[in-house]
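I set out to look up selected packing, pairing and backbone features in this structure. My notes follow in the order in which I took them.

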Amino acid sequence: MRARLLVAPIPALLLLGAALLAPGCAKAPALDATPGPKILRFGNGTEPQDLDPHIVTGVTEHHIISALFEGLVTYDASSEGTAPGVAERWETSPDKLTWTFHLRPDARWSNGDSLTARDFLRSFQRILTPSLGSEYAYKLHHVVGAEEFTKGKITDFAQTGFSAPDDHTLVLRLKHPVPYLLEALKHYSWFPVHLPTIEKFGPADRRGSRWTLPANFVGNGPFVLKTWLSNQMITVERSPTYRGAVTPRLDGIAFYAVDSEDAEERMFRGGQLHVTQTVPLGRIDAYRSQPASPLVIAPYYGTYFYRFNTTRPPLDDARVRRALALAIDREAIVKNILRAGQEPALHFTPPYAGFTPGEVLRPELAEARRLLAAAGYPEGRGLRRIEILHNTMEAHKVVAEAIQQMWKTGLGVDVALRNEEWKVYLDSQHSLAFDVARSGWIGDYPDPHTFLDLWVSGGGNNNTGYANPAYDRLLATALNAPDEPARMAIYRELDAIITRDLPVLPLYFYKRVYLLSPKVRNWSSNILDNRGWQYLDLAN
Amino acid sequence: MIAAPATAPSVPPAAAERPHSPGRDAWLRLRRNRLAVVSGIFLLALAFTCIVVPPFLGQGYADQNLSLGATSPSAAHWFGTDELGRDQFARVLYGGRISLMVGFVASLVALSIGVTYGAVAGYVGGKLDALLMRVVDILYALPFTIFVILIMVFLKEPMNDLDAWLRRFDFLKNLQGIGKIVGLFAAIGAVEWLTMARIVRGQVLTVKKMEYIEAARTLGYSHARIIFRHIIPNVLGPVIVFTTLTIPAVMMLESFLSFLGLGVDAPLSSWGTLIKDGADKMEDFPWLLIFPGGLFATTLLALNLLGDGLRDALDVRAAKD
């Protein structure tokens, strides 16, 4: 008992002490004192769901996969334009429906196998295979027969519009012109995967097999997977077989899984990271006023929103959804919590040149209350408690707590928060095991279509249970529009349908807010926050 | 409220001229221990503040003022405000309610399970004793925190149902997350009783050989009556001491669970969650850590000093060491 007396307060003091001392502990090894290997240390947010390009859906995974694989085309050094990837040149038929890609004859996989048009065909076949259930399969549906193949209406892949006249030529026949096709091809859903490797570790349509482990991995990108320490980091090193237009200058990249922005920021200050994923909300102002600040606030083509589970009462009632959407003071969230110049989102599709929203939300508490009462829940009476699901990150929690309070005081709606780790969260979201889920969507290519095709009935990234045949029909006409203004007009109408039906609750349009070390050279960033890793360099 | 164990064994002042009873001796000894007295007064004042003051603050733990944001301590907000503009003073006081409540209730849970279990084992003896104590040994061998975490995860769904049910009553309506707190009581109480059971069993083994127990048995009293009327009152000293030392341990455990995100749900806060949030932001908003952290550390210290004083006062043998 005597020992116990002493022991009890000590952990308390340790807890406090550890908390106070933490920044001191962060003084970790300084960077590159000697000109060693040039390793870029990149704060990548969270542990990736997987490294299989046909399985994943997130931005986190995109960062790593775009280093490990290369598609037909890739980013140029400015990250705004298009540079040859596996295809060294390409041409389009006058009707813009047939695209012919001539592949680099010396293209290789990281195990030395040569990379041919057949690899692409087999990869496209894999992502479209119904039994794989890839969330992103719909990205390839522009090609003739692809959609029918995914739906099982065609079983012979040769009947689709993908073909390879010879080993180094790939032809895509589209069902409608896709003005942004080259941009779309830079997305991982179009990347080739090495089928012989995948098949060595299980059937091609099995998810989560062991082929993505470092010992087994085969890719074709500028970097190749070296180590994978779960929940810590993934390192990639320069691929000896990569024969792109540019040889990577970095020796490797370390992708750190840190889902606490405070820990990440301390690592950056201690010199353990060159680039962070985000900045703690409380520190943005301090960084902003700093001279030669490492803070970067850049445009980011994405929307931060809450998904409603439209299959669960009471959220299956559009009036309830609208009431919840109207009761939120987005201005206060953006100005007082986020503080990096984000725009309140009063409709879903983020601003884009030529696109104007057809309808916007007019937040008004009185109207929200009226709608909730009309739905049978005056002042929130009789409404069950609603749960907001978010993935582990302080900023999501703060926003959720603000919204929790707005719904509570404004509408009398009880809200609980549920926090889940990234993979579990993705799973809950996909299996509709939530009431309201925090979400973000970053464009896969710079065109509003990447936001609007989310809500197609049964779409892999729909995750709300929303299904509207009229919407699907209108979306299908968008790419057949004769010109850009006509296409934008259809987008406008689609966006207005979403604003009316509200399967999601738009909150704000993103800004990319991060810290960047001055040691990083050739850094570039487009509105999708993508770049070719092969261009980057580090100062000694 | 906290000093209750200290006053319980005492006798009213009116009886001062009576011969010295052990309880009165203990009370006198405790009073001579200044640290223990100061600690007791501090704890009483703290408990009083946490229980009585919050409704009069005019601000709840969840009331936000987004345009205010995080501000340092001022006349309007004594402990400053957090990022959502919530008054930290209110949050610390409401958090104190939760932390103190968890500390006391979970200790009481541990106390009742431990005393009953230990007394039965010690009194019956033989095979039942061996069996009961082996169960304790096995539970002891389980990694304690993992066990609590498992219970918390396992109880999550039933507790949500309980929560929904409890909140149908008007007076509990505003206590969001009450189910989770009940879950915390159960989880922590379920692991904290083990040492108590061992201590009580050891004491009972000594006491049950005494003549007055023999006498009670000869008079034909039932076993339950003998245990609860004759044995337990005579082993109460060590039990009281151990309980005062369990309370800070339980509060630590609660804050630890909250630190891991298994504690109370937002927007409710306990000292553990406040310290966790404060620790993340201490460089920018140090007051978010200093106030709950300082108060928590002081409370633990006071509880330990009081427990120490009680041990010296009640446990004559230990005091002679």
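Predicted model: local features only at pLDDT ≥ 70, side-chain atom pairs only at ≥ 80, totals over all residues.

The entries below go through chain B and then chain A.

**Entry 1: a helix pair in chain B.** I recorded the crossing of helix 4 of chain B with helix 10 of chain B as right-handed. On the side of helix 4 of chain B, the contact is made by Thr116(B), Ala119(B), Val120(B) and Tyr123(B). Helix 10 of chain B contributes His223(B), Ile226(B), Ile227(B), Phe228(B) and Ile231(B). I classed the residues of this contact as 7 nonpolar and 2 polar, with no charged residue.

**Entry 2: the faces of helix 6, chain B.** Which residues of helix 6 (residues 144-154) of chain B are buried? I found Val148(B), Ile151(B) and Met152(B). Seen down the helix axis, these buried residues fall within an arc of 100°, so they line one face of helix 6 of chain B. The face turned away from that buried side carries Leu150(B), Val153(B) and Phe154(B), which are exposed. I then asked what covers the buried residues of helix 6 of chain B. The cover includes helix 7 (156-166), helix 8 (178-207) and helix 11 (236-259) of chain B.

**Entry 3: Thr246(B).** I located Thr246(B) in helix 11 of chain B. Is Thr246(B) buried or exposed? Thr246(B) has 3% relative accessibility, and the cut-off for buried is under 20%, so Thr246(B) counts as buried. Leaving aside residues up to four places away in sequence, I found that Thr246(B) touches Ser107(B) and Glu192(B).

**Entry 4: the six-stranded sheet of chain A.** I traced an open sheet of 6 strands in chain A, in the order 12-16-11-15-13-14, with mixed pairing. Its edge strands are strand 12 (343-344) and strand 14 (415-420) of chain A, each pairing on one side only. Strand 12 of chain A pairs with strand 16 (residues 504-515) of chain A in the antiparallel sense over 2 bridges, and Pro344(A) stands opposite Tyr508(A) in strand 16 of chain A. Strand 13 of chain A runs parallel to strand 14 of chain A, and 6 bridges join them. One pair that I noted there is Asn391(A) with Glu420(A) in strand 14 of chain A. Of the 6 residues of strand 13 (residues 386-391) of chain A, 5 are buried, so this strand is largely enclosed by the rest of the structure.

**Entry 5: the four-stranded sheet of chain A.** I traced another open sheet in chain A, with 4 strands in the order 1-10-9-8 and mixed pairing. Strand 1 (39-43) and strand 8 (223-229) of chain A are its edges. Neighbouring strands of this sheet are turned by 20° against each other on average, direction ignored. Strand 1 of chain A pairs with strand 10 (residues 252-256) of chain A in the parallel sense over 5 bridges, with Gly43(A) opposite Tyr256(A).

**Entry 6: backbone exceptions in chain A.** Most residues other than glycine have a negative phi, and most peptide bonds are trans. I found a cis peptide bond between Pro313(A) and Pro314(A), with omega about 0°. Pro314(A) is in the loop between strand 11 (295-308) and helix 10 (318-326) of chain A. Lys96(A) has a positive phi of about 60° and lies in the loop between strand 4 (87-92) and strand 5 (98-103) of chain A. Asn463(A) has a positive phi of about 50° and is found in the loop between helix 15 (449-452) and helix 16 (469-478) of chain A. I recorded Asn463(A) as buried, with a relative accessible area of 10%.

Terms used
Residues numbered from 1 in each chain as written. Chains lettered and ligands numbered in written order. Heavy atoms only, no water. Left-handed = near helix turned anticlockwise from the far one by under 90°. Contact = heavy atoms within 4.5 Å. Nonpolar A, V, L, I, M, F, W, Y, C, P; charged D, E, K, R; others polar. Buried < 20%, exposed > 50% of the residue type's maximum accessible area, 1.4 Å probe, protein only. Arc of directions from axis to C-beta. Pairing = 2+ DSSP bridges. Axes fitted to C-alpha atoms, helices over the stretch in contact; angles between N-to-C directions.
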